[in-house]
Amino acid sequence: MTFKPGFLWGGATAANQCEGAWDVDGKGISCSDICTGGKFGQSKMITPVLQEGTFYPSHEAIDHFHRFREDIALFAEMGFKVYRFSINWTRIFPNGDESEPNEAGLRHYEEVIDECLKYGIEPLITLSHYEVPFGLTKKCNTWTSREMIDYFVNYCRAVFTRYKGKVKYYLTFNEINCGTSIMGAFLSQGILNDLVNPTPFMGQPDLPQQRFQGLHHQFVASAKAVQLAHEIDPQVKVGNMMIYSASYPLTCNPDDVLKNQAYNHMKNYFCSDVQCRGYYPAYMDRYFLESGIQIEKHPGDEEILRAGKVDFLTFSYYMSSCQTTDTSKQKGSGNIIGGVPNPYLKASEWGWQIDPKGLRYSLNELYDRYQIPLMVVENGLGAKDVIEEDGSINDDYRIDYLRQHIEQMAEAVKDGVDLMGYTPWGCIDLVSASTGEYAKRYGFIYVERYDDGTGDFSRRKKKSFDWYKKVIATNGEDLS
């Protein structure tokens, strides 16, 4: 048997993309709640002042808040061993900075956790998944301010204390290395420099100093959270979570090789080096110097980072890209992570290049670098699903995608990688984070909800539902 006994098969969602109920039971406004709908080729908008008559997908999403029992029952029918979901910070602390938590929010997630445990499903909780409290954006421009460290730790304390003995696995920040790119300023860190005018999702002026100072504050906050979790419940394991955007030199030209190395250092290793090794890598010194970035560190920060190293590493994997110094090469149409298309790979409808072998490569690179357990907590194919006349959804393209990636995970395990589990992204259809649309579907479960705001939220199984059920039942041995 390739995958070890107890391998954590499951699926993943995020609160802002599935819950809805954006203002129920005292929940405050998160940064995702001020983002309008969008679509491929048309940016969603950030509206600091909510616009009447405008469609905001996160406000209702797929109504998982009210339907989580139905959804978790479907996950259990597939045989899930783990369910990765996020807690929406503003359900617990509506503005992010209150001294006492909102009991209704704590109670809701306790009900979700208990429902998982009823079916023998381990909760894997992401503490911050693109859900920064908008109140903190207005108060201190979020992670640009060191105040955020204490606000986050206070939030973590409430969560760790309430769910002690029920939750074994936490992740601190979703795709933390998103902050190395323009996209991460608002999406990941909640930074917004114009609190009046609507702005395209990636349209505000980019200030790298803000993003990298924000990352430092997140590193310290994460390290403190790791220590706090271990103090409150020594049985708890805390991981980090990053985008792994596998990258290759386009040619064997040494200039392409060096550019690819620099890309990998920044995009794929900087954040995990800090969180897994406990210190800043030397290669960042030159980048900060040449970019005019000065990281303000307080006395004791370095000791905190060393003491708060994560217990395991998790990452998302969707695509790969290539790097080149040849300026005549065009960036891929759907490549939000930088780079040019690989001529040996095909792409999805959204222009994301499909590279299953890149997952094996990535797992080997990460395990060799850090020597701690790994987990693939996002992987999947966004596609336009069609409901046939008989009501079926024959998503063979999704099955093929997942099969090929699981096959390569198995190869990585044979290579010696310590792999804990696998939670494909959007195990149930939800709102796309990058485009703000429903049409880009990932799930094993179809949700009747559409980009014009129509749909009754009903659920139906896709062909991939029964396929994944079989995969889990055989611990990955039967992928047919």
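I started with helix α9, residues 254-277: it has 24 residues, but its end C-alpha atoms are only 29 Å apart, short of the 34 Å a straight helix would reach. (Expected span is 1.5 Å times one less than the number of residues; helices are DSSP runs of H or I, at least four residues, and strands are runs of E, at least two, numbered from the N terminus.)

This is a predicted model, with local features needing pLDDT of at least 70 and side-chain atom pairs pLDDT 80 or more, while totals for chains, interfaces and linings use all residues. Residues are numbered from 1 along each chain as its sequence is written, and side-chain values use heavy atoms, leaving out hydrogens and water.

Where does α9 bend? I found a bend of about 55 degrees at Tyr 269, taken as the angle between axes fitted to the seven residues ending there and the seven starting there.

Then I checked the ends. At the start of α9, a side-chain oxygen of Asn 253 comes to within 2.8 Å of the backbone nitrogen of Asp 255. Just after the helix, Gly 278 has a positive phi of about 90 degrees.

Next I looked at strand β9, residues 312-316. Its residues are buried, 5 of the 5, so the rest of the structure largely encloses it (buried is under 20% relative accessible area with a 1.4 Å probe, protein chains only). Phe 312, Thr 314 and Ser 316 point one way, Leu 313 and Phe 315 the other.

Last, the neighbours of β9 (strands pair if DSSP finds at least two bridges). Strand β7 pairs with β9 in the parallel sense over 5 bridges, and Met 242 has Phe 315 as its bridge partner. Strand β11 is also parallel to β9, over 4 bridges, with Met 375 as the partner of Thr 314.

Key: Polar contact = N/O pair within 3.5 Å; in protein donor to acceptor, adjacent residues only side chain to side chain. Buried < 20%, exposed > 50% of the residue type's maximum accessible area, 1.4 Å probe, protein only.
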